[in-house]
Amino acid sequence: MTIRLPDSSGGLRSYEPRTEPIAVTPGTPFTSRTVFSAAHVVADPFADAGPDSPAAVDWDATLAFRRHLWSHGLGVAEAMDTAQRGMGLDWAGAAELIRRSAAEAKSVGGRIACGVGTDQITGGSLTQIRQAYEEQLALVEESGAQAILMASRALAATASGPEDYLEVYGHLLRQAAEPVVLHWLGPMFDPALEGYWGSKDLDAATDTFLEVIAAHPDKVDGIKVSLLDARREVDLRRRLPDGVRCYTGDDFNYPELIAGDEQGFSHALLGIFDPLGPLAAQAVRVLDTGNVTGFRELLDPTVELSRHLFQTPTRFYKTGVVLLAWLAGHQTHFTMVGGLQSARSLPHFTRAYELADGLGLFPDPKLAEERMKTLLSLYGVNQ
């Protein structure tokens with residue numbers, strides 16, 4: 001069987017899908033790396049919700065996907081940008097997501113860390129920003145989840161320099177009940193975060209970031225770096241205090257960063273591990289045995305798909321992630337909160353399908369083919 005896919009010239013070409021998925025099975029817990037997958041949310045397709053309406057979430061399907069990730073040994077990074085935080089999911093929706101996912105994690109013994117931000121406000125004084133952070137930190141801690149202190153659009157807009165970041169983060173770290181993960185999200189993921197840590201000069205910003213950590217190393221479990229710059233991440237992780245982990249958020253260079261070098265390695269907190277979950281878990285278990293070559297052989301071929309999904313504008317990578325979840329059978333529709341399913345083009349979708357199918361990511365390749373044909377027909381491509 002073949003499927004006709006659009007080509008770069010505007011015509012159609014034949015593609016022959018795989019008949020069998022890659023063989024992966026849940027296994028033992030990881031021993032060499034701590035690995036989180038940032039997880040997407042499943043919209044309720046029957047809700048009468050427009051782009052400016054509160055997010056309508058299909059809670060059953062959303063939690064089922066998290067159980068899928070946990071079943072393969074992955075931790076879940078909840079209410080992060082992969083869950084459309086600030087791009088369709090407001091604070092009220094994120095708070096409900098945190099409560100439900102944390103309770104589900106307890107019931108199945110899954111690891112969970114949740115995003116703490118300031119998205120209940122759009123601006124304000126440093127005091128108001130700190131109070132917004134405090135409200136979210138309290139909810140995450142009450143839920144029993146680990147906290148991830150996310151970058152704040154409000155703080156980026158209000159801070160006058162590095163000293164304001166030192167003040168706000170220092171206050172939060174002093175009152176955190178347990179060690180947190182600090183998240184540095186680059187402007188390619190969110191343009192409103194340009195100049196975070198008080199400078200557009202990344203060297204100066206890095207110095208401020210490290211100053212925050214150095215002042216409170218006992219309250220920082222690790223850092224999550226999403227700058228899509230492997231060299232900078234390696235330099236940064238080599239400067240971390242002992243005991244503070246680096247969780248790569250680099251969806252372009254993750255195999256080499258997780259594999260590491262003679263001076264260390266990165267753990268992982270990645271959006272691309274949403275569609276790659278089972279394969280990524282298998283690769284990490286191979287790495288646990290000390291087989292770096294085998295790890296790279298499994299994970300390196302996935303980079304082309306990841307770079308495709310995260311191509312500019314990078315913040316719309318969530319659209320491809322949800323497309324692949326639908327094609328893989330994890331949800332019954334291709335609808336997103338805020339209507340974000342329209343954020344990518346048909347050629348983008350077809351290439352994502354082809355790359356994911358080539359990797360064997362679809363548990364039922366026939367179902368994926370049928371759903372892809374349905375999508376193509378909506379764009380006027382008849383088979």
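**Reading burial, packing and cores**

Mentor: Let us begin with a single residue of this predicted model. S101 has a relative accessibility of 0%, so S101 counts as buried.

Trainee: In which helix is S101 found, and which residues does S101 touch?

Mentor: S101 belongs to helix α2, residues 91–108. Leaving aside residues up to four places away in sequence, S101 touches L63, R66, W70, E78 and I112.

Trainee: How many residues of helix α12 are buried?

Mentor: Eleven of the eleven residues of α12 are buried, so α12 is largely enclosed by the rest of the structure. Among them are Y317, K318, G320 and W326. The buried residues of α12 pack against α9 (273–288), α11 (303–309), α13 (346–359) and α14. After α12 comes G329, with a positive phi near 90 degrees.

Trainee: At what angle do the axes of α12 and α14 cross?

Mentor: The axes of α12 (residues 317–327) and α14 (residues 365–378) come within 8 Å and cross at roughly 125 degrees.

Trainee: Which residues make the contact of α12 with α14?

Mentor: From α12, the contact is made by L323, W326 and L327; from α14, by L367, A368, R371, M372 and L375. An α-helix has 3.6 residues a turn, so residues three or four places apart point the same way.

Trainee: How should I read a nonpolar core?

Mentor: In soluble globular proteins, nonpolar side chains tend to be buried together. Here the largest nonpolar core has 119 residues, of which Y169, L182, Y196, I223 and F273 touch the most other members. The largest share of this core, eight residues, comes from α9. As for Y169, the residues it touches include Y133, L149, L155, L182 and V212, not counting residues up to four places away in sequence. A second, separate core of ten residues includes A77, A113, M150 and L269.

Trainee: How many disulfides are there?

Mentor: A disulfide is a covalent bond between the sulfur atoms of two cysteines. With a cut-off of 2.5 Å between cysteine sulfur atoms, the count comes to zero disulfides.

Trainee: Are C114 and C246 buried or exposed?

Mentor: C114 is buried, with a relative accessible area of 0%. C246 is also buried, at 3%.

Conventions. Residues numbered from 1 in each chain as written. Predicted model: local features only at pLDDT ≥ 70, side-chain atom pairs only at ≥ 80, totals over all residues. Heavy atoms only, no water. Axes fitted to C-alpha atoms, helices over the stretch in contact; angles between N-to-C directions. Helix = DSSP H or I, 4+ residues; strand = E, 2+ residues; numbered from the N terminus. Contact = heavy atoms within 4.5 Å. Buried < 20%, exposed > 50% of the residue type's maximum accessible area, 1.4 Å probe, protein only. Core = buried A, V, L, I, M, F, W, Y, C linked by side-chain atoms within 4.5 Å.
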